[in-house]
Amino acid sequence: MFKSLIKLIYPRLNKLEEDLSQAQTLFQSSPYVFAFWQKDSQDVAFSPDLPKFLGIERIEDPDAIYHALLPDDAAALEGYLSQPFSPQHSRFELYVTTEAKKKIIRISGSQTPLDPTIENPKDSDIQITLWFADVTQAQQKLEDLEVQQKELHDEKLRLQCLLDNVPHPLWMRDAQGRLEWCNKAFSEIVGEGPATVVSAQKELPFRTIKKQIADTSFFQKLAHDALEQGKSEPVDGHII
């Protein structure tokens, strides 16, 4: 019976070792850097490139990962991982900066029960997994775009201020001839604020020299003809 038991167990152990070896090979060849450990343990497994990725010499426990980050970011990460397990909040994404090379990193993290059938797993039953991605260049591009956007916004405000001080009515229309913008002189003649003028499409009380009242369709046709011909379409008249 003992020999039979040995024959039964050994193949299973060999298969388990083979599966573990394949899993390790898979992780070692992964293009991503990662770390994982049991929530109540200080023994951390990680990809070979993680220490270099974080700008540190070695990783002996999860604290080494925290210490590789700026203090506020380390506190944020530790805050996520110290929360009690909840299926609704088992995954998170966090952007952090390393202490050494000021690299911006996106951390995709999760807390996963080792046995999904357990309803209220203890810390010893929870595996923490962190995936790391360098987003420094992307973040810098985003920040550059935000700066450019602010500069354009400020330039728009300066132009708006300049045009609002022109004593004559000015306006812009889209390709369909609808009002997109007007200055204060325009809105004061109409008797509404600029935002109301645009939203309600209120036109200037204008009459041509031929006694034609210029309504919305008149101005839209005028704008359409100007776009079609690629030149201005002057009309003589006066405000009424």
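Predicted model: local features only at pLDDT ≥ 70, side-chain atom pairs only at ≥ 80, totals over all residues.
1. Let's start with S4 and S5, which pair in the antiparallel sense over 9 bridges. Two strands count as paired if DSSP finds at least two bridges between them. Helices and strands here are DSSP runs numbered from the N terminus: H or I with at least four residues for helices, E with at least two for strands.

2. Residues are numbered from 1 along each chain as its sequence is written, and side-chain values use heavy atoms, with hydrogens and water left out.

3. On its other pairing, S5 (residues 126-134) meets S1 (residues 33-38), again antiparallel, over 6 bridges. Here Trp37 stands opposite Ile128, and Phe36 stands opposite Thr129. Strand S1 is also joined to S2 (residues 45-46) by 2 antiparallel bridges, with Phe36 opposite Ala45. A hairpin of 6 residues leads from S1 to S2.

4. Which order do the strands of the open sheet follow? The 5 strands run S2-S1-S5-S4-S3, with antiparallel pairing. S2 and S3 are the edge strands, each pairing on one side only. As a reminder, strands of a sheet pair through backbone hydrogen bonds, either parallel or antiparallel.

5. Is Phe34 buried or exposed? Phe34 is buried, because its relative accessible area is 3%, and buried means under 20%, exposed over 50% and partly exposed in between (1.4 Å probe, protein chains only). Phe36, at 23%, is partly exposed. The two form a stacked aromatic pair, 6.2 Å centre to centre with 15° between the planes. For such pairs, the ring centres of Phe, Tyr or Trp (its six-membered ring) lie within 6.5 Å; planes under 30 degrees apart count as stacked, over 60 as edge-to-face and the rest as tilted. Ring pairs link Phe34, Phe36 and Trp131 into a cluster, and the structure holds 5 aromatic pairs.

6. The largest nonpolar core has 24 residues, and Trp37, Leu50, Leu54, Ile65, Leu77, Leu130 and Phe132 have the most contacts inside it. Such a core is a set of buried Ala, Val, Leu, Ile, Met, Phe, Trp, Tyr and Cys residues joined through side-chain atoms within 4.5 Å. Elements giving two or more residues to this core include the strands S1, S3 (91-97), S4 (104-113) and S5, and the helices H2 (50-54), H3 (62-67) and H4 (71-82). A second, separate core of 5 residues includes Cys182, Phe186, Val197 and Leu204.

7. Leu54 is worth a look on screen. Leaving aside residues up to four places away in sequence, Leu54 touches Ile59, Ile65, Ala68, Thr98, Ile105 and Phe132, where contact means heavy atoms within 4.5 Å.

8. One more side-chain detail: the charged end of Lys103 sits over the ring of Phe53, 4.3 Å from its centre. The criterion is NZ of Lys or CZ of Arg within 6 Å of the ring centre and within 35 degrees of the ring normal.

9. Finally, the whole chain. Its secondary structure comes to 8 helices and 10 strands, and 29% of the 240 residues count as buried.
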